[in-house]
Amino acid sequence: MRGMLAIYQRELLILRKRFFRQLASMSVSPLLYLLAFGFGMGQGVRVGVHSYLEFLIPGLVAMNSMMQAFAIASEINIARFYWHIFEEFQAAPIRNISYVTGEVLAGITRALFSTALILLIAALSGVVVSYNFYFWFAVALNGFVFASLAVGLAMLVKSHSDQALLTNFFITPMAFLGGTFFPVDTMPVWVQHILHFLPLTHASKAIRAAAFGYPPDFSSYLLLALLGAVFFVLAFHWVNRARE
Amino acid sequence: MIRFENLRKRYKQVEALKGVSLQVGEGELFSYLGPNGSGKTTTIKILTGLAVPSAGDAWLHGFHVEKESLQAKRQCGLVSQNINLDNELTVGENLHLHGKLFQMPRKERVQRICELLEYVEIADRMDSPVKSLSGGMKKRVMIARALMHSPRILFLDEPTTGLDPAIRRRIWSLVKSIQRSGATIFLTTHYIEEAEFLADRVAFLNEGTIVTLDTPQNLMEGLGTWALDRVADGGMETLFFRDREEANRHIAAHEGSFSLRHVNLEDVFISLTGKKVMT
């Protein structure tokens, strides 16, 4: 427990030290998407009964929380390959599960923090959606899935450039195709089948439904929780593989 | 006490350790001497839990490093070859993090940090960011960090590499004083004079095998007391003599350019392996 807290507090301390840089980095891409797609292309477009801007905000929350949770992988890689601080964790009497839990919690914290930032930007743009328990729960689950995946993959990669490759091939396509910018159910059926394999599609669905105040579809929550648990277990096993 | 038996480590095609066995007594300052790539760091990585042995067993104060890894890790502190401080944090924050990882209560951490920073003579840099420190200061912070949880064994992996001679001497006296406090020290180095000055016993490691093990004095006396270097046929030839007179008689009887000096551990290593330690 104390080992987990030490890992988590270290990540929070670094987040605090880089607060303004982090704030800027977390808000740049959602702000650009909001301007380009929300105010630019989406002006006057409606998705069902909602304006495109209302549709877009929960999508941006899903996308940004995924990216911020996954960004914990970069932090771990910097600790491993540049500063060699990972050795300090490996040589400490802490269990692998403490290490993984601490890092995953840090990823979830980043996801929640980036969500709060988007909601602030949205509020300033005049868009207010429902921020109920299910909304935050879905964001946290999304963070859990991608932070667990990030910790696991960070243990497998051999260099920082491998990590960038994973982001380019998996995270970036998912960011665009996971129901963030357009409704998945307007796509051809075969595309919909493929997109339903993406965890972000389910996260977007759950976050958007909660944001619009619709009754939650628990299957999405369950799926995210299961997937997160699988990635978490894998991360736990892969920490050992990071030893030489 | 450190003990390992038949320790082997293979990295793909390379066998870094070829079945080494060793025992280091409590309170001993033991030096592992060898050229780069001889397996020194690999041994330390296995003993401190950073690497998994391909075969063999190791114990730290009776705790098996693989089967009782948490207890084994509590016994030791590690000063790595690379600077591995958290660059974004201050000196104090780095030490606090270490203390937290070793489950030290806050009050104890605060007290220990003050003591240790005094001990390594950088008490005034507690709130300085690590990135603002010189290389020598960073090494001293790493030593302080490794001592935070009062380990019974301290592993020093080439602690003075890249440091200037004055800082190196300062770290040597620090290492000696740590040993006087009762800790067992396992030091790897490729600096001959470091091992000669510090070590109670020395093991020479070459290509993953221990080639000899004894006190520096015994190892050097095995060759003689005086070494006579002579440049011959474009290469260097070294002859060893029990006393100075014998060496002088040799110089008088032969032509050429000679240089007389005391035998050192480098001579021992070369005589055993045909290589220099510093490669």
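The structure is a predicted model.

Chain A contains eleven helices and two strands. Read along the sequence, the order of these elements is α-α-β-β-α-α-α-α-α-α-α-α-α. The radius of gyration of chain A is 18 Å, close to the 18 Å that the globule rule gives for 244 residues, so chain A is as compact as a globular protein of that length. The C-alpha trace of chain A spans about 55 × 40 × 35 Å along its principal axes. Of the 244 residues in chain A, 46% are buried. Contacts in chain A between residues at least 6 apart in sequence were also examined; 82% of them join residues at least 24 apart.

The mean pLDDT of chain A is 88, and 99% of the residues score at least 70. Within chain A, confidence is highest in helix H7 (residues 133–156), at a mean of 94. It is lowest in strand E1 (residues 46–47) of chain A, at a mean of 76.

Chain B contains ten helices and 13 strands. The radius of gyration of chain B is 21 Å, close to the 19 Å that the globule rule gives for 279 residues, so chain B is as compact as a globular protein of that length. Along its principal axes, the C-alpha trace of chain B spans about 70 × 45 × 35 Å. Buried residues account for 44% of the 279 residues in chain B. Among contacts in chain B between residues at least 6 apart in sequence, 66% link residues at least 24 apart.

The domain assignment divides chain B into domain 1 (2–215) and domain 2 (224–262). The centres of domain 1 and domain 2 of chain B, taken over C-alpha atoms, are separated by 39 Å.

The two chains touch. Chain A contributes 20 residues to the contact, and chain B contributes 24 residues. On the side of chain A that touches chain B, helix H1 (2–17) and helix H5 (86–90) of chain A each supply at least two residues. The largest share of that side, seven residues, comes from H1(A). By residue class, the side of chain A that touches chain B comprises ten nonpolar, three polar and seven charged residues.

The nonpolar core was examined next. In soluble globular proteins, nonpolar side chains tend to be buried together. The largest nonpolar core in this model has 144 residues. Within this core, Phe70(A) and Ala150(A) touch the most other members. H7(A) provides the largest share of the core, 15 residues. The core also draws at least three residues from each of domain 1 (2–215) and domain 2 (224–262) of chain B. Residues up to four places away in sequence aside, Phe70(A) touches Phe146(A), Leu149(A), Ala150(A) and Ile171(A).

Two residues other than glycine were examined for backbone geometry. His84(A) has a positive phi, near 60 degrees. His84(A) sits in the loop between helix H4 (72–82) and H5 of chain A. There are 16 C-beta neighbours inside 10 Å of His84(A), so His84(A) counts as partly exposed. Glu121(B) likewise has a positive phi, near 60 degrees. Its place is in the loop between helix H4 (106–119) and helix H5 (135–147) of chain B. Glu121(B) is partly exposed because 13 other C-beta atoms lie within 10 Å, whereas a buried residue requires 20 or more.

Tyr119(B) belongs to helix H4 of chain B. With 17 C-beta neighbours inside 10 Å, Tyr119(B) also counts as partly exposed. Tyr119(B) and Ser177(B) are 58 residues apart along the chain, and their C-alpha atoms are separated by 9.7 Å.

Key:
Residues numbered from 1 in each chain as written. Chains lettered and ligands numbered in written order. Predicted model: local features only at pLDDT ≥ 70, side-chain atom pairs only at ≥ 80, totals over all residues. Helix = DSSP H or I, 4+ residues; strand = E, 2+ residues; numbered from the N terminus. Rg over C-alpha atoms; globule rule 2.2 N^0.38 Å. Buried ≥ 20, exposed ≤ 12 C-beta atoms within 10 Å, placed from the backbone. Contact = placed C-beta atoms within 7 Å. Nonpolar A, V, L, I, M, F, W, Y, C, P; charged D, E, K, R; others polar. pLDDT = per-residue confidence, 0-100. Core = buried A, V, L, I, M, F, W, Y, C linked by C-beta atoms within 7 Å. Domains from an automatic or database assignment.
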